[in-house]
Structures are given as C-alpha cells and as structure tokens.
Amino acid sequence: MEKPKVHPYIPIFIGVISVSLSAIFVKLANAESGVIAFYRMLFSVLIMAPLFVLKYTKELKQLLRRDWLFSSIAGIFLAFHFILWFESLNYTSVASSTVLVTLQPLFAFVGTYFFFKEKITVKTICAGAVAIFGSVLISWGDFKLSGTAFYGDMLALIACALITAYLFFGQDVRKRLSLVTYTMIVYVVSTITLFLYVLIKGESFGPYSTMDWIWFILLAIVPNLFGHTLFNWSIKYVSTNVISIAILFEPIGAAILALLIFKEYLIATQIIGGLIVIVGILLFVVDEKKIFKFFSKKA
C-alpha cells in the first residue's frame, strides 16, 4: 500500500472537529430530520460535482460490480444514519446523542474481526470496553431522567450501528477507488435515498428561512466535506477501529458548544461518563511499548 503524504491522524483530527459541529447545526435548523439530511447531502453533491466531472468521471469505467454494490449500500446506510441521528436530537441532549452515535467500537471491534480478520489486541478490547462503559453510564442517566430521553438515546445507538456499517463497506471499496469518486457515488446514492424518504414521508422540501438554508449549507461544507470526506480518505490507510475511537472525541466538543448555545447543562452521569470515554480513548491511542521503552532508558 502506498504511503500517504500526510499522516492519517492529522486529517482524522480535523474531521473530528468538523463533525463535532454537526449536531449544533441540526439543532439550529428549523426543519424535519429527513429534510435536513437530504439538503446536507444534496449540497455536498453539488459542491463536489465540478471537481468530479472535470477530473474523475473516467474512473467510473474502471468500477467493478462489487464497487458499485458496496458504494451503494454504504450510501443507503449513511442516509438512514443521518435520519435516525437527527431524529434522536429531538428527544435527547446533544451530549448524550453524540456520545452514543459515536459509540462505534462496540460494533467496529466485532465487525473488523469477523469480516476483515483484523487482530484485536487485549489493549484494544480494554480501551473499547472502558469507552463503552462511559457511554452506557450516560445513557443510564438519561433513562432515569425521562423515557423520552432514553428513546432518543436508542435512536442514536441504532444510528451508530449504521455509520459503522457504512465505514466497513468504505474500507473495502476505498482500497481500489479514489477518494473523490467513492465519496461522490456514496453521496449521490445517499441523496437519492433521502429524497425518496422525504417524498414518502410527506415532509416539506420548503420554503425555509434564510438562516435554515445557511445551516443546510454549513452541514454540507463542515461535517461532510471536512468531516466524513477526510474519514473516507483516511480509511484507505488505517483501520475502521482507529477512526471509530477518534470520533469519540466528537461529543466533547459538541457538549461544550451545546452548553454555550442551547444552555444544555450536563448532569453528573454525563460528566462522569464523558470522562470515562476520554480514558478509553487515551488507552487506545497511547503506545504502551514506547512508554515502557522511554522509562526503561531513564532508569
């Protein structure tokens, strides 16, 4: 495999910051979940279209039937991930929703082992278990708070499973396709899926206020083009597990912004659970062999 010009952790870091703004933009937009998701994907496609048409259309001829199938499935999973996650924000807090929707290690660790035969170390299992425990603590606090909040948590958890499946299919296809071509196919399929969903549900495509259109466009530019697109680039060089763990940083930024903008104050279980999630992340990213070697030299 070719070496990337930029270390994959750098675009992953930028991507995490970008997707942290997603829940905030969704809460600010005055529209139904399916509509917000549809315009997010539609504007993403329109922004990417000129570059794709000018430089990447020839690559479509090289696509295998498997590439079309996996990319299409990934697009459908992405569409319903957005629908369920955006809907969850109507019932539970930004902090709880973003923590649960980024609880991908729960699914990624199992999936990569069975489908990609990737080795899972004891440290990886421990890190995932710690992060998952922190997220469960947050969800339990919401359940005690109200049944409605718990319902929103469950929607977010299902959305989490869907985004993990989306990444799995991407991990396979991205090894053969360029970032732009793969992303364009996935986003187009996702847009069509969301259009049909909104049509069937009878949700309104408009009119909306100027500010709503601004939130739709910002959702396309920031979380999608600077978030998911960077994840799609990185997944060629790193495991789904790495991205799944990194995305766990998203709730921290989202919770801070929600506190400042919506005055969503955190309860004790959310704070403690969030801190436990951070410990799980640190346990995953820290190379214990290098630390041991460092202290051995000092001794």
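The following paragraphs lead from the overall fold of this chain to two of its residues.

The structure is a predicted model, in which local features need pLDDT of at least 70 and side-chain atom pairs count only at pLDDT 80 or more, while totals for chains, interfaces and linings use all residues. Residues are numbered from 1 along each chain as its sequence is written, and side-chain values use heavy atoms, with hydrogens and water left out.

The chain contains 14 helices and zero strands; helices (H or I, at least four residues) and strands (E, at least two) are DSSP runs, numbered from the N terminus. The radius of gyration is 19 Å, close to the 19 Å that the globule rule gives for 299 residues, so the chain is as compact as a globular protein of that length. This radius is taken over C-alpha atoms, and the globule rule is 2.2 Å times the number of residues to the power 0.38. Along its principal axes, the C-alpha trace spans about 65 × 50 × 30 Å.

Confidence is expressed as pLDDT, the predictor's confidence in each residue, from 0 to 100. The chain averages 84, and 91% of the residues score at least 70. Where pLDDT is low, the predicted coordinates should not be read in detail.

Of the 299 residues, 52% are buried, where buried means under 20% relative accessible area, exposed over 50%, and partly exposed in between (1.4 Å probe, protein chains only). Contacts, meaning heavy atoms within 4.5 Å, also describe the fold: among those between residues at least 6 apart in sequence, 90% join residues at least 24 apart.

Asn232 is buried, with a relative accessible area of 2%. Leaving aside neighbours within four places in sequence, Asn232 is in contact with Tyr166, Arg174, Leu179, Tyr182, Thr183 and Tyr187. Gly15 lies 217 residues from Asn232 in sequence, yet the two are 10.0 Å apart in space, C-alpha to C-alpha.

Pro223 is also found in helix α10, and Pro223 is buried, with a relative accessible area of 0%. Beyond its neighbours within four places in sequence, Pro223 is in contact with Ser18, Val19, Ser22, Phe25, Arg40, Leu218 and His228. The C-alpha atoms of Pro223 and Leu64, which are 159 residues apart along the chain, are separated by 29 Å.
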